[in-house]
Amino acid sequence: MYVVESKGGAIACMLLSLTFLGTWPALLTLLERRGRLPQHTYLDYTITNLLAAVIIAFTFGEIGKNTVEKPNFLNQLSQDNWPSVLFAMGGGIVLSLGNLATQYAWAFVGLSVTEVITASITVVIGTTMNYFLDDRINKAEILFPGVACFLIAVCLGSAVHSSNSADNKTKLNSLSNDYKDGTELIPFVFEYRSYMYVSEDLENGRIGTKEKAKFGTADFLVELENKRAIKVLGKGTFIGLAITFFAGICFSLFSPAFNLATNDQWHTLKVGVHHLTVYTAFFYFSASCFVVAVVLNISFLYRPVLNLPKSSIKAYLSDWDGRGWAFLAGLLCGFGNGLQFMGGQAAGYAAADAVQALPLVSTFWGVLLFGEYRKSSRKTYILLGGMLSMFIVAVAVLMASSGHRK
């Protein structure tokens, strides 16, 4: 079994994990904006997410000789370690619920702000729990100022979303004044039934435009609404934020649960039974995540939420549009989580929560790929800059608080 033992190696794992975990949400957002049903995308994603855990278990988990101090993955499967297994599986369940919720939150709140709020809640709650579970191996005088930065970022993220929503409302109201013919707009609701430059082919579900709208314009917002799978215009701001906060609470619990699974701080294992290794715990963690995701998304095929169209298993199996991107997203998320846990086992899970600064990466993709915040107000840009500044400070502070597990 390979073990990350140095602080430098742990930080390298965190940085690589940060890149992976900040990129996979952009891929799922891309598919939703192209009109692919989120149920189809998430089923594809969860398959390769589990595959990543299996690859990690049979590579890093099987390197070297099996010893009492460092048992290999396969040897641990037959041990009487079910209390720790249940902690790992519990962590996988809440992560699955959180990931599923964010898939819908991205549409309502936007990729950048969703990731900011969920990551910040994760750090504020989860990092505090991990600090005490890890027997305070991280430097509190450095760690908690970093947590405070994330808490400030939650407030700024909510303000960014509110300001950007007001900007979009202004743009759409301006559009209604310019185009009376062919557009039905209910003030402050924004329910678009048609648009003079958009034609829909109901048989094949395709949408064509005479000229591609520019990022940040009202035309772009309408064009996006017609293409995307989850319709958001006319929905209240509260819905998106409620989903986002629920996801953040779920995310805040998975890392402490994994910490308990690998270190047995509550002494639930029998005497002489070795703690679960990171690789064994991650396998059980991902397996439970997979089961929950499959059960919920198959049910959502036939009983969709948020007014999404119904689908079926047959329709899912025949839907290959964007499947490769969904598979890639699952691999990135799986390897990202695995690297986070590998780094956390060496340097402390509280410090490993520095990967929750993934909104830095997600915001980059959000602005580059999706044109988020283009042509927004000065107020929105100031709030966005403040939010990202808090994240840059926070990730540096959390990494500086890294300790070393004895």
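1. Let's start with helix α1 (residues 7-33) and helix α13 (residues 359-370), whose axes lie 8 Å apart at an angle of about 30 degrees. Axes here are lines fitted to C-alpha atoms, for helices over the stretch in contact, with angles running from 0 to 180 degrees between N-to-C directions. Helices (H or I, at least four residues) are DSSP runs numbered from the N terminus. The α1/α13 crossing is right-handed, meaning that the near helix is turned clockwise from the far one by less than a right angle.

2. Before going further: this is a predicted model, where local features need pLDDT of at least 70, side-chain atom pairs count only at pLDDT 80 or more, and totals for chains, interfaces and linings use all residues. Numbering runs from 1 along each chain as its sequence is written, and side-chain values use heavy atoms, leaving out hydrogens and water.

3. Who touches whom in that pair? On the α13 side, Val-361, Ser-362, Trp-365 and Phe-370 make the contact (heavy atoms within 4.5 Å). α1 brings residues including Leu-18, Pro-25, Leu-30 and Arg-33. By class there are seven nonpolar residues, five polar and one charged; Ala, Val, Leu, Ile, Met, Phe, Trp, Tyr, Cys and Pro count as nonpolar, Asp, Glu, Lys and Arg as charged, and the others, Gly among them, as polar.

4. Next, have a look at helix α4 (residues 82-109) with helix α9 (residues 278-302): their axes come within 7 Å and cross at roughly 40 degrees. That makes α4 oblique to α9, since angles under 35 degrees count as roughly parallel, over 145 as roughly antiparallel, 65 to 115 as roughly perpendicular and the rest as oblique. This crossing, too, is right-handed. Among the residues in contact are Gly-91, Gly-92 and Leu-100 of α4 and Tyr-284, Cys-289 and Phe-300 of α9. The tally is 16 nonpolar, five polar and no charged residues.

5. α4 also meets helix α2 (residues 38-59), with axes within 11 Å and a crossing of roughly 145 degrees. α2 passes α4 in a right-handed crossing. Pro-38, Gln-39, Thr-41, Tyr-42 and Tyr-45 of α2 touch Ser-96, Asn-99, Leu-100, Gln-103 and Tyr-104 of α4. Those residues divide into five nonpolar, five polar and no charged.

6. Finally, which residues line the second largest cavity? They are Leu-31, Arg-34, Gly-35, Arg-36, Asp-321 and Gly-322. By class, this lining has one nonpolar, two polar and three charged residues.

How values were computed: Helices (H or I, at least four residues) and strands (E, at least two) are DSSP runs, numbered from the N terminus. On a 1 Å grid over the protein atoms alone, a cavity is a set of points where a 1.4 Å probe fits but cannot get out, and a pocket is an open set with protein on both sides within 12 Å along at least five of seven lines; lining residues have an atom within 4 Å of a point.
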